[in-house]
Amino acid sequence: MNNQTLCLCGSGIDYQQCCGPFHSGEKTPVTAEALMRSRYSAYVLRNGAYLQDTWEATRRPKAIDFSRENIAWLRLEITDIKKGGVKDSKGVVAFKAFYMQDDQEHVMTEISRFTRTNGRWFYLDGVIKSMSKVDLQTNQGKNAPCSCGSGKKFKRCCGVG
């Protein structure tokens, strides 16, 4: 039996080899993108402590409350990266985060800024560029990528049956 679970951040890597060591405090992300992915996974897991720990201290909220959140995060797509490498002190990561709310799929597009202090990356802030419902009525055919985010063609994934 396979005990591996793919990481929620969409990297295609096992959680215990990807965001798991960041969430446990065993390691810290070495790039802004890795921090972005680990923060997304923390949102999915409702790990407020990790989110606060990776937020730049002067901008960190006093608390993160998930009790009123009625969404289920589905997948993350990184759309652009500017700087944020192992030798940079600043970085920008643009992404789309897909989620379900009220039985409808939505997408949030954000541009997040990161800063590195004493060799450690922190989330500085982000600008939400758009939030909208995903048009589920669009039929791109069985050869289109599956909307579940698996990376497989629809006909080889959810279209089987």
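Trainee: In which loop is aspartate 102 found?

Mentor: Aspartate 102 is found in the loop between E2 and E3, where helices (H or I, at least four residues) and strands (E, at least two) are DSSP runs, numbered from the N terminus. Before going on, please keep in mind that this is a predicted model, in which local features need pLDDT of at least 70 and side-chain atom pairs count only at pLDDT 80 or more, while totals for chains, interfaces and linings use all residues. Residues are numbered from 1 along each chain as its sequence is written, and side-chain values use heavy atoms, with hydrogens and water left out.

Trainee: What is the phi of aspartate 102, and is the residue buried or exposed?

Mentor: Its phi is near 50°, a positive value in a residue other than glycine. Aspartate 102 counts as exposed because its relative accessibility is 62%, given that buried means under 20% relative accessible area, exposed over 50%, and partly exposed in between (1.4 Å probe, protein chains only). Aspartate 103 is also placed in the loop between E2 and E3, and it has a positive phi of about 65° although it is not a glycine. With 75% relative accessibility, aspartate 103 counts as exposed.

Trainee: How should I read a pocket, and what is the volume of the second largest pocket?

Mentor: The general idea is that rolling a probe the size of a water molecule over the atoms shows where empty space is left. In the scheme used here, on a 1 Å grid over the protein atoms alone, a pocket is an open set of points where a 1.4 Å probe fits, with protein on both sides within 12 Å along at least five of seven lines, and lining residues have an atom within 4 Å of a point. Grid points are joined across faces, edges and corners, and a volume is the space filled by probe spheres set on the points. The second largest pocket has a volume of about 340 Å³, and of the 19 residues that line it, the closest to its centre are Tyr43, Trp73, Phe95, Met108 and Glu110.

Trainee: Which elements supply at least two residues of that lining, and how do the lining residues divide?

Mentor: Helix H2 (32–45) and the strands E2 (90–101), E3 (104–117) and E4 (120–133) each supply at least two residues of the lining. The lining divides into 13 nonpolar, three polar and three charged residues, where Ala, Val, Leu, Ile, Met, Phe, Trp, Tyr, Cys and Pro count as nonpolar, Asp, Glu, Lys and Arg as charged, and the others, Gly among them, as polar.

Trainee: How many aromatic pairs does a search of the whole structure find?

Mentor: The search finds six aromatic pairs; rings of Phe, Tyr and Trp (its six-membered ring) pair if their centres lie within 6.5 Å, and planes under 30 degrees apart count as stacked, over 60 as edge-to-face and the rest as tilted. One of the pairs joins tyrosine 43 and phenylalanine 66 edge-to-face, with 6.2 Å centre to centre and 85° between the planes. This pair links distant parts of the chain, 23 residues apart, since tyrosine 43 lies in helix H2 and phenylalanine 66 in the loop between helix H3 (48–53) and strand E1 (72–83). Tyrosine 43 counts as partly exposed at 25% relative accessibility, whereas phenylalanine 66 is buried, with a relative accessible area of 13%. Another pair, phenylalanine 114 and tyrosine 123, is edge-to-face as well, at 5.8 Å centre to centre and 70° between the planes, and both of these residues are buried.

Trainee: Which residues form one aromatic cluster?

Mentor: Tyr40, Tyr43, Phe66, Trp73 and Tyr99 form one aromatic cluster.

Trainee: Over which ring does the charged end of arginine 75 sit?

Mentor: A charge sits over a ring if NZ of Lys or CZ of Arg is within 6 Å of the ring centre and within 35 degrees of the ring normal. The charged end of arginine 75 sits over the ring of phenylalanine 98, 3.9 Å from its centre, and that of arginine 39 sits over the ring of tryptophan 55, 4.8 Å from its centre.

Trainee: How many disulfides does a search of the whole structure find?

Mentor: The search finds zero disulfides, a disulfide being a pair of cysteine sulfur atoms within 2.5 Å. For cysteine 7, which is in no disulfide, the nearest cysteine sulfur is that of cysteine 19, 3.5 Å away.
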